[in-house]
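Hello,

Here is the structure I promised to pass on to you.

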Amino acid sequence: MNELVLVLDFGGQYKELIARRVRNCGVYSEIKSGAISAPEIAALSPIGIILTGGPNSVYDKTAMKCDPVIFNLGIPVLGICYGMQLMCHMLGGIVEKAPVSEYGKVEADLSDMSPLYSNLPRHINVLMSHSDRVSKLPKGFVTTAITNDCVNAACENSNRNLYGVQFHPETELTDEGINIIKNFLINICGAKRDYHLDDYVNNQIRLVRETVGTGSVLLALSGGVDSSVCAALLSRALGNKLTCVYVDHGFMRLNESEQIEAVFSSMNLNFIRVNAAERFLAKIKGVIDPEKKRKIIGAEFAAVFEEESKKLENADFLAQGTIYPDIIESGRGTNADIIKSHHNVGGLPKRLSFKGLIEPLSGLFKDEVRVIGEKLGLPKTLVERPPFPGPGLAIRIIGEVTQSKLDILKQADAIFCDEIERAKKGRPQQYFAVFTDTRSVGIKGDSRSYDNVIALRAVMTTDFMTCEYAPIRHELLGRVSSRITNEIRAVSRVVYDITSKP
């Protein structure tokens, strides 16, 4: 059993990033609802607790609070942003609207007495994002960091092992942020750092074999990174007792289905490709709303998969490539809004008579899944593939999806990806094209054209939740635009999306 750090969710955007940073330091982390009770926490025996940020003011009547007994368990606590304010508020301090809000990078002066800042510079840039402040600390707390506009940018009560930072050490915009988290884990929680991905793989292989026994497993293989790594792991555990059904809905990128078939038909498993492109296209004919597209495609995927499963004999267990963020973003077990409505993470489909559900990657973040994929021998072209939505290109087409629009988008997307991958230097983490369903006047040769507009999107991100647009060189963008408008007759204009998220 690995050491455990609990990350308590109060609705902030960085909870997953915090949990990932803890794992990057070699300590296993799990995200739990901020409403978890102290006895439930005690039963899990964590070595530390991190209280995350949140969108509310702690003094609002509707603001989420934690069990106050948490601060008396003797378990080290680190409050981040809202988490620090909540701790101070509940322990008798005063939190109020700040005279000056802080957003973005600011310089902070750190105390040389705090174990949080051991072996760190005394002055660093930190990411702030707050309009409230702790104006009076609880009894027994001292200030451990200040900025020009925040007199309590961090605080602690070392006798009770309670620590708080108003800034966000989990982000790359905070200098030494990962070292602050590491200091909390090692210097304060006494972490041995016993979490290793090799152990995770070996444990999952053992658990899968124990669960399945002499039975067999059926996996819905989407062809994305998660289901592909899941297939590789289950192949290692079960060999030909695993059957992978790849439902080709026709919305994959150019030649992607053929690449998927080439990889998995050569592995030690049973691979079945179901060509259902015409069926899916007919199902979403006339549908414009992207959420409706997601739900229709998800329901049809389940229907096709069910039909195929009934053709097979002795499929005892159903497997899915569910990963930890899928569970969080689908609202299972935390306070998260339901973001990924097309993911089947709610449990075993009632219509299918499987003995159970196998999700060997459900405890992992995306970056960990990629590392495991490489360890299992999957090609880099598959493991390093940018994230791709379950409904595929259908939701990268604005408006109704038609075969002609799909063909145009596949070609445009392939050109953009090809040029980005050739450039290599400064490659963004995610990049794709969008069919805007807008037309624009252009000139092709000596004649005017009135054709489609393609939008390009590329972002820099480490958590695939928040991102900044990638500052791609104009030379590269110009080359992409030239190729798309010259090689695809139906496109007259190319635009670049420079929106960051959130």
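H6 and H11 are oblique to each other, a word used here for angles that are not under 35 degrees (roughly parallel), over 145 (roughly antiparallel) or 65 to 115 (roughly perpendicular). Before going further, please note that this is a predicted model, in which local features need pLDDT of at least 70 and side-chain atom pairs count only at pLDDT 80 or more, while totals for chains, interfaces and linings use all residues. Residues are numbered from 1 along each chain as its sequence is written, and side-chain values use heavy atoms, with hydrogens and water left out.

Back to that pair: helix H6 covers residues 225–238 and helix H11 residues 366–375, and they pack at an angle of about 45° with their axes 9 Å apart. Helices (H or I, at least four residues) and strands (E, at least two) are DSSP runs, numbered from the N terminus. The axes are lines fitted to C-alpha atoms, for helices over the stretch in contact, and the angles run from 0 to 180 degrees between N-to-C directions. The crossing of H6 and H11 is left-handed, that is, the near helix is turned anticlockwise from the far one by less than a right angle (clockwise would be right-handed). On the H6 side, the contact (heavy atoms within 4.5 Å) is made by Val225, Asp226, Val229 and Arg236, and these meet Lys366, Val369, Arg370, Ile372, Gly373 and Lys375 of H11. By residue type, the contact of H6 with H11 has four nonpolar, one polar and five charged members.

Leu197, Asp198, Tyr200 and Val201 of H5 touch Glu368, Val371, Ile372 and Lys375 of H11. Here the residues divide into five nonpolar, no polar and three charged.

Cysteine 25 is in no disulfide, and its nearest cysteine sulfur, that of cysteine 189, is 11 Å away. Cysteine 25 is buried, with a relative accessible area of 3%; buried means under 20%, exposed over 50% and partly exposed in between (1.4 Å probe, protein chains only). Cysteine 189 also counts as buried, at 12% relative accessibility.

**Two positive phi values**

Asparagine 161 has a phi near 60°, a positive value in a residue other than glycine. Asparagine 161 sits in the loop between strand E8 (154–157) and strand E9 (162–165) and is partly exposed, at 23% relative accessible area. Glutamate 176, not a glycine either, has a positive phi of about 60°. Its loop runs between E9 and helix H4 (177–188), and glutamate 176 is partly exposed at 30%.

**Arginine 457**

Arginine 457 lies in strand E16 (residues 447–460) and counts as buried, at 14% relative accessibility. Its C-alpha atom is separated by 5.3 Å from that of aspartate 497, 40 residues apart along the chain. Leaving aside neighbours within four places in sequence, arginine 457 has contacts that include Phe416, Tyr431, Cys467, Asp497 and Lys501.

Best wishes

Key: Disulfide = S-S within 2.5 Å. Nonpolar A, V, L, I, M, F, W, Y, C, P; charged D, E, K, R; others polar.
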